[in-house]
Amino acid sequence: MDVTTLQAQSVNTAQPASLNSSLVPPNALNLTQVLIEPDYQWRIHNCKISDKTLTQDLPLPFLYHYDRLTDEIKQKQPLTPQLLAQFNTPMMAKAAADLLGVDAAMISAPWHVKVTGSLVVFSEALQLAVRLHWSNTGRQAEPIYTKTKEDALAAAFKDWQFFGRVDVIYKNTNQALISIDDRQTAEAVLPILPSNEYQKLPATHALAILTTLEEHKSKLPWFEAAILARIE
């Protein structure tokens, strides 16, 4: 399938059914739609880690530690008013064991995992590159209970996600490119002009793109392959 045919397909899907067609330029490519079209032969460039936390030396609220106890130990150590008062108090596993009066070995310390990074996905055919950001969690860190840090890292990235800003470089002067967010107004349609520099998309447009990528992530394996290769 050639690029001309793909462009025609993209025009047909360039707008939500409820969006006034007069708001969309003729023959314009919809950025969200082309990003989920595998026949554009998308490639990943510059996948990198910007921040990484992988440690057992961070506290968790007492309730997390208490939940890790066996039912037998919980029966012997019921939640008293004094313990309930400590439920949201951050502490290390050993401190929780001391509070309960049990052996420290009975409460395992999790690995705290958070890795964030960025990547650029690009299509030579479209002369289009999009910079995205990814992480395993939106929280400060994800507690993972495994024996090794390698297993914790692998487990943490079974459910990675895109987040944050989206930047675009578009160098094709022969084909209009637009972004469409979820609003049903003229502002929903954003022309992306040709440029040699990255252009940051407005937050509503970035969210629309990231939501669509998340929905289609299982059909876009090049993203996960690049990220997993980078964190290993």
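Strand 5 is largely enclosed by the rest of the structure, because twelve of its 13 residues are buried (under 20% relative accessible area, where exposed is over 50% and partly exposed lies in between, with a 1.4 Å probe and protein chains only). Helices (H or I, at least four residues) and strands (E, at least two) are DSSP runs, numbered from the N terminus. The model is predicted: local features need pLDDT of at least 70, side-chain atom pairs count only at pLDDT 80 or more, and totals for chains, interfaces and linings use all residues. Residues are numbered from 1 along each chain as its sequence is written, and side-chain values use heavy atoms, with hydrogens and water left out.

**Pairing of strand 5** (two strands pair if DSSP finds at least two bridges between them)

- Strand 2 and strand 5 run antiparallel and are joined by ten bridges; Val120 in strand 5 is the bridge partner of His45.
- Strand 5 also pairs with strand 6 in the antiparallel sense, over eight bridges, and Trp134 in strand 6 is the bridge partner of Gly117.
- The hairpin of strand 5 and strand 6 has four residues between the strands, and Gln127 takes a positive phi near 55° there.
- Three bridges join strand 5 to strand 7 (residues 142–144), again antiparallel, with Glu142 in strand 7 as the bridge partner of Val113.

**Nonpolar cores** (sets of buried Ala, Val, Leu, Ile, Met, Phe, Trp, Tyr and Cys residues joined through side-chain atoms within 4.5 Å)

- The largest nonpolar core has 40 residues, and Leu31, Leu128, Leu132 and Trp134 have the most contacts inside it.
- Among the elements that give two or more residues to this core are helix 2 (31–35), strand 5 (111–123) and strand 6 (128–135); strand 5 gives the most, with five residues.
- Leu128 touches (heavy atoms within 4.5 Å) residues including Leu31, Val121, Phe122 and Val168, not counting residues up to four places away in sequence.
- A second, separate core of twelve residues includes Phe62, Met91, Ala97 and Leu100.

- Ile209 lies in helix 8 and counts as buried, because its relative accessibility is 0%.
- Ile209 and Leu35 are 174 residues apart in sequence, and their C-alpha atoms are 8.6 Å apart in space.
- In helix 9, Phe223, Ala226, Ile227 and Ile231 are buried. They lie on the same side of helix 9, because they cover an arc of only 120° around the axis (the arc of the directions from the helix axis to the C-beta atoms).
- The buried residues of helix 9 are covered by elements including strand 2 (43–55), strand 5 and helix 8.
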